[in-house]
Amino acid sequence: MSSDFYKTSILPFSGIIIKLCRAYTNSQEDFEDYYQEVCLQIWRSKENFREESQWSTWVYRISLNVCLTLLKKKKNNSQHFVSDSLPAQETEDNYAFSDESLNLLYDAIRKLSEIDRAIIMLYLEEKSNQEIADIMGTNPNNIGVRVRRIKMRLKKILDGKIN
Amino acid sequence: MERSIENIWKEGFQKNDDLTAPEIDNLYNQKSIHIIDKFKRMFRNNLIAIVVGSFLFLIISYFLDIPVMGALFFVTLMVHVFINKNLLKKLGRIDQGQNSYQYLKAFSHWIKNQIAINKRLSEFMYPIFFLSFVLGFWFKDAEGTYLGDRLVDEILIRFPDTYLIVGIPLMAIIIAVLIMGLLAYFGGRIYRWDLNIIYGRVLRKLDELMTDLESLRS
């Protein structure tokens with residue numbers, strides 16, 4: 001990958017890639033692997049970008065698609081397909097944001113199903129229901145309902161933690 | 001006052017530098033950990049191994065006086081390679097820039113298609129391997145004659161009433177057909193069991209994701 005491409009086309013969007021990768025990983029090592037893989041796949045897929053959508057939307061799509069189908073490392077070095085309908089593993093101590101509330105929120109997000117995780121991440125990034133539906137290939141009318149349900153679930157998880 | 005998740009999100013990312021991208025170096029030469037790339041690598045390596053193996057066996061079979069077996073194995077495996085090479089090409093065409101539903105559907109469709117095709121291939125390949133094995137030894141040179149013909153002569157000396165169809169004992173044909181039938185039946189099943197071990201988790205996960213996305217599409 002040319003460093004120019006990374007600097008001009010990926011780095012300005014690294015924030016969303018980081019946010020997404022963090023939601024699908026539990027350790028710093030996994031996070032770095034996911035981040036690198038997303039960058040690699042964006043670079044490899046760049047020829048397919050036809051400017052029908054914005055570059056940022058394209059980056060969202062690839063990041064999300066990569067996160068949904070990546071093989072997560074297990075502690076014992078074997079690998080398995082990400083199964084996040086299971087309760088999230090505890091996050092490592094060195095793998096945390098400096099804001100404690102944000103850490104709690106991320107821990108709660110990691111407890112959601114993979115699709116719900118994607119929806120809430122896009123919602124929190126202030127994407128409209130239509131944009132979320134476009135990125136995920138769903139019906140925009142259902143997104144609003146699902147977002148409300150996810151927020152209630154997150155609130156329950158967070159309340160449980162805080163209390 | 002209780003903070004909304006929207007505020008936690010906004011404020012959390014405003015006041016710290018947690019969004020600094022990790023160092024990435026030598027990305028070019030990094031081995032991709034993506035599942036599609038893993039499939040591609042695994043598929044490609046398998047196909048190379050089959051091509052090399054079948055070539056070697058073709059040569060060895062010539063020296064072992066069983067060239068018919070070597071040739072039949074070679075042709076069968078080349079058909080397998082050709083079909084799977086085409087499947088590999090289709091895998092490479094999956095566009096990761098599609099929306100998640102289309103992307104997962106394309107990937108899931110590819111996996112299911114390759115399983116169906118290879119299961120069907122296994123149903124034919126195991127019996128063909130058996131037949132190649134039998135024909136290989138049947139046509140093996142045994143002091144100027146075929147080993148199979150010699151064996152039939154021996155049988156006719158001991159059991160002169162043996163019923164023959166085109167020079168082959170009927171009982172041998174029935175046994176061979178039965179074995180081929182069993183291999184065809186179990187070939188597909190053995191392939192599915194194998195797959196369940198390798199891809200079972202992937203398939204279940206893909207199904208879960210697709211079901212969730214489909215509920216959001218309706």
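## Charged surface of chain B

Lys85(B) is part of helix H3 of chain B, which covers residues 67–92. This placement, like every other value in this report, refers to a predicted model. With a relative accessibility of 47%, Lys85(B) is classed as partly exposed, because that class lies between the limits of 20% for buried and 50% for exposed residues.

On the surface, Lys85(B) belongs to a patch of positive charge that also contains Lys89(B), Lys90(B) and Arg93(B).

## Architecture of chain A

Chain A contains 8 helices and 2 strands. Read from the N terminus, its elements follow the order α-α-α-α-β-β-α-α-α-α. The chain has 163 residues, of which 58% count as buried.

Asp30(A) is located in helix H3 of chain A, residues 28–45. Its relative accessible area is 7%, so Asp30(A) is buried. Along the chain, Asp30(A) and Lys72(A) are 42 residues apart, yet a distance of 6.9 Å separates their C-alpha atoms.

## Salt bridges

Over all chains, the structure holds 15 salt bridges. One of them joins Asp159(A) to Lys155(A), with 3.2 Å between the closest N and O atoms. Both residues belong to helix H8 of chain A (residues 140–162), where a spacing of 4 residues corresponds to about one turn of the helix. Asp159(A) is partly exposed, with a relative accessible area of 27%, and Lys155(A) is likewise partly exposed, at 41% relative accessibility.

In chain B, Lys40(B) forms a salt bridge with Asp37(B), the closest N and O atoms lying 3.8 Å apart; this pair counts because the cut-off is 4 Å. Lys40(B) and Asp37(B) lie about one helical turn from each other, because they are 3 residues apart in helix H2 (residues 35–63) of chain B. Asp37(B) has a relative accessibility of 8% and therefore counts as buried. Lys40(B) and Asp37(B) are also linked with Arg44(A) in a network of salt bridges.

A further salt bridge in chain B connects Glu123(B) with Arg120(B), and here the closest N and O atoms are 2.7 Å apart. Helix H4 of chain B (residues 100–138) holds both residues at a spacing of 3 residues, so about one helical turn separates Glu123(B) from Arg120(B). At 17% relative accessibility, Glu123(B) falls in the buried class, because buried means under 20%.

## Aromatic contacts

The structure contains 19 aromatic pairs over all chains. In chain B, the ring centres of Tyr185(B) and Phe186(B) are 5.0 Å apart and the ring planes meet at 85°, so this pair is edge-to-face. The distance of the centres and the angle of the planes together describe a pair of aromatic rings. The assignment follows because planes over 60 degrees apart count as edge-to-face, provided that the centres lie within 6.5 Å.

Tyr185(B) is partly exposed, at 46% relative accessibility, and Phe186(B) is also partly exposed, with a relative accessible area of 37%. In chain A, one aromatic cluster is formed by Phe5(A), Phe49(A), Trp55(A) and Trp58(A).

Technical notes
Residues are numbered from 1 along each chain as its sequence is written. Chains are lettered from A and ligands numbered from 1 in the order in which they are written. This is a predicted model: local features need pLDDT of at least 70, side-chain atom pairs count only at pLDDT 80 or more; totals for chains, interfaces and linings use all residues. Side-chain values use heavy atoms; hydrogens and water are left out. Patches are made of residues with over 30% relative accessible area and no salt bridge: like charges are joined within 9 Å, nonpolar side chains (Val, Leu, Ile, Met, Phe, Trp, Tyr) within 5 Å. Accessible areas come from the Shrake-Rupley method with a 1.4 Å probe; for residues, only the protein chains shown count as cover. A salt bridge is a side-chain nitrogen of Lys or Arg within 4 Å of a carboxyl oxygen of Asp or Glu. Lys and Arg count as positive and Asp and Glu as negative; His and the chain ends are not counted. The place of a charge is taken as NZ of Lys, CZ of Arg, CG of Asp or CD of Glu. Buried means under 20% relative accessible area, exposed over 50%, partly exposed in between (1.4 Å probe, protein chains only). Rings of Phe, Tyr and Trp (its six-membered ring) pair if their centres lie within 6.5 Å; planes under 30 degrees apart count as stacked, over 60 as edge-to-face and the rest as tilted.
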